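Biologist: I have a model open on my screen and would like to learn how to read it. Could you walk me through it, one feature at a time?

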Amino acid sequence: MEETLDMIIAPVRKRTRRSGQASREQLLEVAAELFARKGLHGVTLAEIAGAADMSGPAIYNHFRSKDALFAEVVSLMYDEEVAVFAEVLDPLDSVHEALERLLDRVPKMYRGDGVLQLLGLTAQLEAVRDPQLFGGIARAAQRRDEVAIRLVERAKAKGELPATVDAAELGSLLISLFVGALGYRSLRAPTRAQFAHSVSTFRELLRALREGNASDKDSGLPTAAGV
């Protein structure tokens, strides 16, 4: 699934004699990029239609409003992210192994154009600003968190994590860790090589923390859970 996120972040492609479905997909691709670059309120439906090589009124054949288009774009983004996280995490019952596997996948998830990362930021801002209108965004994000929550539950059952760990909280934090620390870090990294260095550095930090915890247990020192 290396190309899992292509539909949202693929370069805009001009099509001729498009079917209704092809036109809709083109519209979603263009809208994702414009929403990411300009925000929900910085772009008009007419601008989106023009960039998608579509007449203004034709856009209403697919979406009743700009808010509806935005909600669909964001929902697809989360669907694609859920698929990536589920592919990596669902076969595992170890949080430590899951973190390593996710770090392997991150450079392919977060690419140089930044559309996915910026769209995620825009989606979260709008969900906070208008939870009544965009409550579906929070529910979509929760589906992504639930993949990690299931992993934490399996790690607890295995004994890797204490039974007292709040699986819902830790699962959500694990997803936030990657989306925040690495997804948005990629926006600041000037080159792909720099971002790869960021991922490598983060991996070293996680390994150091893991080895440190193991040393504490061996030495009989109290762990954070026992403080």
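Biologist: Let me start with one side chain: is phenylalanine 202 buried or exposed?

Modeller: Buried means under 20% relative accessible area, exposed means over 50%, and partly exposed lies in between (1.4 Å probe, protein chains only). Phenylalanine 202 has a relative accessible area of 12%, so this residue is buried. A word on the source: this is a predicted model, in which local features need pLDDT of at least 70, side-chain atom pairs count only at pLDDT 80 or more, and totals for chains, interfaces and linings use all residues. Residues are numbered from 1 along each chain as its sequence is written, and side-chain values use heavy atoms, with hydrogens and water left out.

Biologist: How many aromatic pairs are found in the whole structure?

Modeller: A pair of aromatic rings is described by the distance of the centres and the angle of the planes. Rings of Phe, Tyr and Trp (its six-membered ring) pair if their centres lie within 6.5 Å; planes under 30 degrees apart count as stacked, over 60 as edge-to-face and the rest as tilted. The search of the whole structure gives 3 aromatic pairs. One of them joins phenylalanine 70 to phenylalanine 134, edge-to-face, with 5.4 Å centre to centre and 75° between the planes. Phenylalanine 70 lies in helix α4 and phenylalanine 134 in the loop between α6 (115–129) and α7, so this pair ties together parts that are 64 residues apart in sequence. Helices here are DSSP runs (H or I, at least four residues), numbered from the N terminus. Both phenylalanine 70 and phenylalanine 134 are buried. Phenylalanine 178 and phenylalanine 202 also make an edge-to-face pair, at 6.3 Å centre to centre and 85° between the planes. Here phenylalanine 178 sits in helix α8 (residues 167–183) and phenylalanine 202 in helix α10 (residues 192–219), 24 residues apart.

Biologist: Which residues do ring pairs link into a cluster?

Modeller: Phe35, Phe70 and Phe134 are linked that way.

Biologist: At what angle do helix α4 and helix α7 cross?

Modeller: Axes are lines fitted to C-alpha atoms, for helices over the stretch in contact, and angles run from 0 to 180 degrees between N-to-C directions. Helix α4 (residues 66–89) and helix α7 (residues 135–158) cross at roughly 10°, and their axes come within 8 Å. Angles under 35 degrees count as roughly parallel, over 145 as roughly antiparallel, 65 to 115 as roughly perpendicular and the rest as oblique. Therefore α4 and α7 are roughly parallel to each other. Contact means heavy atoms within 4.5 Å; residues that meet include Phe70, Val74 and Tyr78 in α4, and Ile137, Ala140 and Val147 in α7.

Methods: Helices (H or I, at least four residues) and strands (E, at least two) are DSSP runs, numbered from the N terminus.
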